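Student: Could we go through the terms used for this structure and see how each label follows from its cut-off?
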Amino acid sequence: LQLQAVYTLRQQLISRWSGEVFGPDNGYYAYGYLSYRQYFDRFYGIGPMTRLSDREDFSYRSWVSWGGCLWAVYPNLYAGGQYRFQHMYDMGLSETGQLAQNQIAGSNGSTTWGLGPEVIYDTRDKVQSPRSGWRVQAGWRWHPAWFAETTAFGFGQIDARHYHLVQPQVVWAKRLLFRQVKGTAPFREMAMAGGSDFARGYFEGRFRDNCLLGIENEWRWQMYQRLAWNFFITGLQVAPERPMLFQHPWRWAYGTGWRIFVNPEERVALRLDLARTSEGSWGFYLDLSEAF
């Protein structure tokens, strides 16, 4: 269970609570996330060919919550339901640009609510910083139009992760991520790349569209009991439709970082990462857990 809050010199507030709970004898699994943001953000457009010069600055406030509750139906296999809620309001837009001209769904704010089924296969040895095992999550949510002044859309995701020891002190972590939107979703609910959890180095939302496909590889070298060094590389692409994901050159990012284990037994670590993208941009990240 984690509770984090950040307040910046630009008077931005980012707060979030998140957690994962396994029931007795792993009989059920529940997870949840709740966040409030008062944030200055960037919008670069939609599609795989947007440029850094397309940047539009905007501000907003938002409440976001998601979670799920699943029951063990077979050893290491869980099935159940998931939800997601987002309320985005108090928009502050630039005088010019696609958002200011209301050309993009969600430009004036949006409220969405979605429900759907989900399955998770989990054989990780630890929830934090696993050294072996799989975690495969697949689900689909339906966001109906009647809940708010938005069109109906669906959102599906497959997130497959694998961890194994290549040497006694070296873990190779791999991730395959696919997301797809069916229908017209607000721009903050589209499949997005960037941020501290996926495609480090890219600003969160640098690329967004109806489909996203990404791969990540990370090598984690345990140097001492409380210190580890990581190297990671990410490849990704977005597109309006799934068959178009390979029609344009992929985007790449790579980086390195340190892990300081505050609880070595459970492998809970403070993460410091520095990443660079194929566009030449940089990102620095400080977090309380691994990216995946």
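Tutor: This is a predicted model, in which local features need pLDDT of at least 70 and side-chain atom pairs count only at pLDDT 80 or more, while totals for chains, interfaces and linings use all residues. Residues are numbered from 1 along each chain as its sequence is written, and side-chain values use heavy atoms, with hydrogens and water left out.

Student: Why is tryptophan 258 called partly exposed?

Tutor: Buried means under 20% relative accessible area, exposed means over 50%, and partly exposed is in between (1.4 Å probe, protein chains only). Tryptophan 258 has a relative accessible area of 40%, and is therefore partly exposed.

Student: Why is glutamine 237 called buried?

Tutor: Its relative accessibility is 1%, so glutamine 237 counts as buried. Glutamine 237 lies in strand S13, where a strand is a DSSP run of E with at least two residues, numbered from the N terminus.

Student: What makes the approach of glutamine 237 to histidine 248 a polar contact?

Tutor: A polar contact is a pair of N or O atoms within 3.5 Å, where within protein one must be able to donate a hydrogen and the other to accept it, and residues adjacent in sequence count only if both atoms are side-chain atoms. The side chain of glutamine 237 reaches the backbone oxygen of histidine 248 at 3.3 Å, so the pair meets the distance limit.

Student: Why does glycine 23 count as buried?

Tutor: Glycine 23 has 7% relative accessibility and therefore counts as buried; its place is in the loop between strand S2 (13–22) and strand S3 (28–43).

Conventions. Helices (H or I, at least four residues) and strands (E, at least two) are DSSP runs, numbered from the N terminus.
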